[in-house]
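These are my notebook entries on a single protein chain. I set out what I looked up, entry by entry.

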Amino acid sequence: MPPMINNDNCVRCGLCVEICPLDILRLEVVENGKQVVVKYPEECWHCRACAIDCPKQAITMRYPLSHMLLCVDVPKQEGSCV
């Protein structure tokens with residue numbers, strides 16, 4: 001699942017494009033200026049570098065279900081070491 005760009009909040013500064021370790025994002029020229037495009041969504045590591053560094057909080061992450069299930073609270077059982 002790729003990062004989602006909120007074009008209403010995005011100021012097209014290009015910081016997310018520069019900070020992405022995998023070059024997932026591109027700043028492309030469109031008919032009315034520039035726009036941040038998620039060029040390779042399937043390659044995203046979900047590191048959140050783009051979302052964390054965005055000065056306008058214009059990027060949100062959509063996590064695959066497998067990523068959302070990684071954290072599970074397990075109740076402590078008698079005899080366990082945790």
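The model is a predicted one, in which local features need pLDDT of at least 70 and side-chain atom pairs count only at pLDDT 80 or more, while totals for chains, interfaces and linings use all residues. Residues are numbered from 1 along each chain as its sequence is written, and side-chain values use heavy atoms, with hydrogens and water left out.

**Entry 1. Overall layout**

I looked up the secondary structure, taking helices (H or I, at least four residues) and strands (E, at least two) as DSSP runs numbered from the N terminus. The protein chain has three helices and four strands. In sequence order I read the pattern β-α-β-β-α-β-α.

The protein chain holds 82 residues, of which 26% are buried.

I then turned to contacts, meaning heavy atoms within 4.5 Å. Of the contacts in the protein chain between residues at least 6 apart in sequence, 46% join residues at least 24 apart.

**Entry 2. The nonpolar core**

I defined a nonpolar core as a set of buried Ala, Val, Leu, Ile, Met, Phe, Trp, Tyr and Cys residues joined through side-chain atoms within 4.5 Å. Which members of the largest nonpolar core touch the most other members? Among its 15 residues they are I5, C16, L25, V36, C50 and I59. At least two residues of this core come from each of α1 (15–19), α2 (49–53) and β4 (59–61).

Leaving aside residues up to four places away in sequence, V36 touches I5, C10, C16, L25, R26 and L27.

**Entry 3. Cysteines**

I searched for disulfides, each a pair of cysteine sulfur atoms within 2.5 Å. The count by this rule is zero. C16 is in no disulfide, and its nearest cysteine sulfur, that of C10, lies 6.1 Å away. C16 is buried, at a relative accessible area of 8%. C44 is likewise in no disulfide; the nearest cysteine sulfur belongs to C50, at 6.4 Å. With 15% relative accessibility, C44 counts as buried.

I also noted C20, in the loop between α1 and β2. C20 counts as buried because its relative accessibility is 12%. C20 and W45, 25 residues apart in sequence, are 9.8 Å apart in space, C-alpha to C-alpha.

**Entry 4. A glycine in a loop**

Is G14 buried or exposed? G14 is buried, because its relative accessible area is 7%. I place G14 in the loop between β1 (3–5) and α1.

**Entry 5. Charge pairing**

Side chains of opposite charge can pair when their charged atoms come close. I counted a salt bridge wherever a side-chain nitrogen of Lys or Arg is within 4 Å of a carboxyl oxygen of Asp or Glu. The search of the whole structure finds one salt bridge. The partners are E28 and K39, whose closest N and O atoms are 2.9 Å apart. E28 lies in strand β2 (residues 25–30) and K39 in the loop between β3 (33–38) and α2, so the pair ties together parts that are 11 residues apart in sequence. E28 is partly exposed, at 27% relative accessibility, and K39 is partly exposed at 39%.

**Entry 6. Backbone angles**

Most residues other than glycine have a negative phi. I therefore listed the exceptions, since most residues other than glycine do not show a positive one. R48 has a positive phi of about 70 degrees although it is not a glycine. R48 lies in the loop between β3 and α2 and is partly exposed, at 37% relative accessibility. Q57, also not a glycine, has a positive phi of about 50 degrees. Q57 lies in the loop between α2 and β4 and is exposed, with a relative accessible area of 58%.

Note on methods
Buried < 20%, exposed > 50% of the residue type's maximum accessible area, 1.4 Å probe, protein only.
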